[in-house]
Amino acid sequence: MKVLYVGPAVSGRSTSLASVQRMVRERPRDDRADGGGESIADVDLNVLSMHRWLSRPPGRVIPAHEDDIARLLGADAVLFVVDSQRERLDVSLELLDMLRADCAARGRSLDDIPLVFQLNKRDLEPAQLASEEEIAAVLSTPTCRYVSSIATRDLGTREAVAAAVAAARVIR
Ligand SMILES: Nc1nc2c(ncn2[C@@H]2O[C@H](COP(=O)(O)OP(=O)(O)OP(=O)(O)O)[C@@H](O)[C@H]2O)c(=O)[nH]1
Ligand SMILES: [Mg+2]
């Protein structure tokens with residue numbers, strides 16, 4: 001099972017991956033966090049670099065970007081890490097729209113890929129934080145799920161991967 005982290009810069013993808021890998025090392029099976037299903041230790045977890053999405057010259061085809069899209073379309077599930085800072089919401093939406101457009105341009109739909117939004121940085125000051133409802137109103141797909149996290153404290157990261165695995169099982 002392949003699960004791919006996507007998300008805008010500094011949303012917390014590397015921190016989330018490291019958090020899950022550390023927890024899996026310490027506790028390969030955790031039926032509470034993994035929903036009693038397949039062990040998260042068996043999931044092939046990777047981070048998709050997004051800078052080619054955000055810095056592409058309009059209308060130009062870049063082979064490396066095609067590779068990125070192929071990896072996206074080849075994933076069993078996608079974990080979209082959202083920076084919960086209200087002023088960073090626009091960047092997440094811009095990226096989601098780009099992912100959608102690039103899939104559509106190749107005759108595919110992003111909606112066919114099981115997708116979980118990991119609402120990260122829930123420890124931010126309330127004044128800076130977008131509510132979960134606010135984020136869900138802006139960022140959604142027809143079958144997406146939401147998991148809140150504080151990756152720097154290992155909270156919600158393993159559950160987000162488990163949700164992605166569960167979504168892949170239901171939709172595929
Ligand atoms: N407050 C807070 N900070 C976080 C959280 N998760 C990650 N960060 C911080 O956000 C910054 C970016 O985290 P990364 O994991 O490097 O994010 P990334 O998406 O891999 O970013 P790039 O690969 O650099 O684009 C770091 O300073 C992290 O410590 C969180 O849950 N809460
Ligand atoms: Mg990173």
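Glu-26 is exposed, because 9 other C-beta atoms lie within 10 Å. The cut-offs are these: a residue is buried if 20 or more other C-beta atoms lie within 10 Å of its own, exposed if 12 or fewer, and partly exposed in between, with C-beta atoms placed from the backbone. This is a predicted model, in which local features need pLDDT of at least 70 and side-chain atom pairs count only at pLDDT 80 or more, while totals for chains, interfaces and linings use all residues. Residues are numbered from 1 along each chain as its sequence is written, and chains are lettered from A and ligands numbered from 1 in the order in which they are written.

Glu-26 sits in helix H1. H1 has 14 residues and reaches 20 Å from its first C-alpha to its last. That is close to the 20 Å expected at 1.5 Å a residue, where the expected span is 1.5 Å times one less than the number of residues. The buried residues of H1 are Arg-13, Thr-15, Ser-16, Ser-19, Val-20 and Val-24. They lie on the same side of H1, because they cover an arc of only 165° around the axis. The arc is taken from the directions from the helix axis to the C-beta atoms. Arg-25 and Glu-26 are exposed on the other side of H1.

## The ligand site

Which residues come nearest to ligand 1? They are Ala-9, Gly-12, Arg-13, Ser-14 and Thr-15, out of 15 residues around the ligand. A residue counts as near if its C-beta atom, placed from the backbone, lies within 6 Å. Helix H1 (residues 13-26) gives the most to this shell, with three residues.

By class, the shell has five nonpolar, seven polar and three charged residues. Ala, Val, Leu, Ile, Met, Phe, Trp, Tyr, Cys and Pro count as nonpolar; Asp, Glu, Lys and Arg count as charged; the others, Gly among them, count as polar.

Strand S1 (residues 2-6) is mostly covered, with four of its five residues buried. S1 runs parallel to strand S2 (residues 44-47), and four bridges join them. Two strands pair if DSSP finds at least two bridges between them. Val-3 stands opposite Leu-45 in S2. S1 also pairs with strand S3 (residues 77-83), in the parallel sense and over four bridges. Tyr-5 has Leu-79 of S3 as its bridge partner. Val-6 stands opposite Phe-80 in S3.

In S3, seven of seven residues are buried. In a regular strand the side chains alternate between the two faces of the sheet. Both faces of S3 are covered. One side carries Ala-77, Leu-79, Val-81 and Asp-83, and the other carries Val-78, Phe-80 and Val-82. S3 runs parallel to strand S4 (residues 115-120), joined by six bridges. Val-81 stands opposite Gln-118 in S4. From S3 the chain crosses through helix H5 (residues 89-104) to S4, and this β-α-β crossover is right-handed. That is, with the strands pointing away from the viewer, the path from the first strand over the helix to the second runs clockwise.

## Helix H5

The 16 residues of H5 should span 22 Å at 1.5 Å a residue, and its end C-alpha atoms are 23 Å apart, which agrees. Ser-92, Leu-95, Leu-96 and Leu-99 are buried. These buried residues fall within an arc of 100° seen down the axis, so they line one face of H5. The face turned away from them carries the exposed residues Asp-90, Glu-94, Asp-97, Ala-101 and Ala-104.

Arg-88 lies in the loop between S3 and H5. Arg-88 counts as partly exposed, because 19 C-beta neighbours lie inside 10 Å. The C-alpha atoms of Arg-88 and Gln-128 are separated by 9.8 Å, though the residues are 40 apart along the chain.

## Positive phi in two loops

Most residues other than glycine have a negative phi. Val-10 has a positive phi of about 55° although it is not a glycine. Val-10 is in the loop between S1 and H1. With 14 other C-beta atoms within 10 Å, Val-10 is partly exposed.

Lys-121, also not a glycine, has a positive phi of about 65°. Lys-121 is in the loop between S4 and helix H6 (132-138). Is Lys-121 buried or exposed? Lys-121 is buried, because 22 other C-beta atoms lie within 10 Å.
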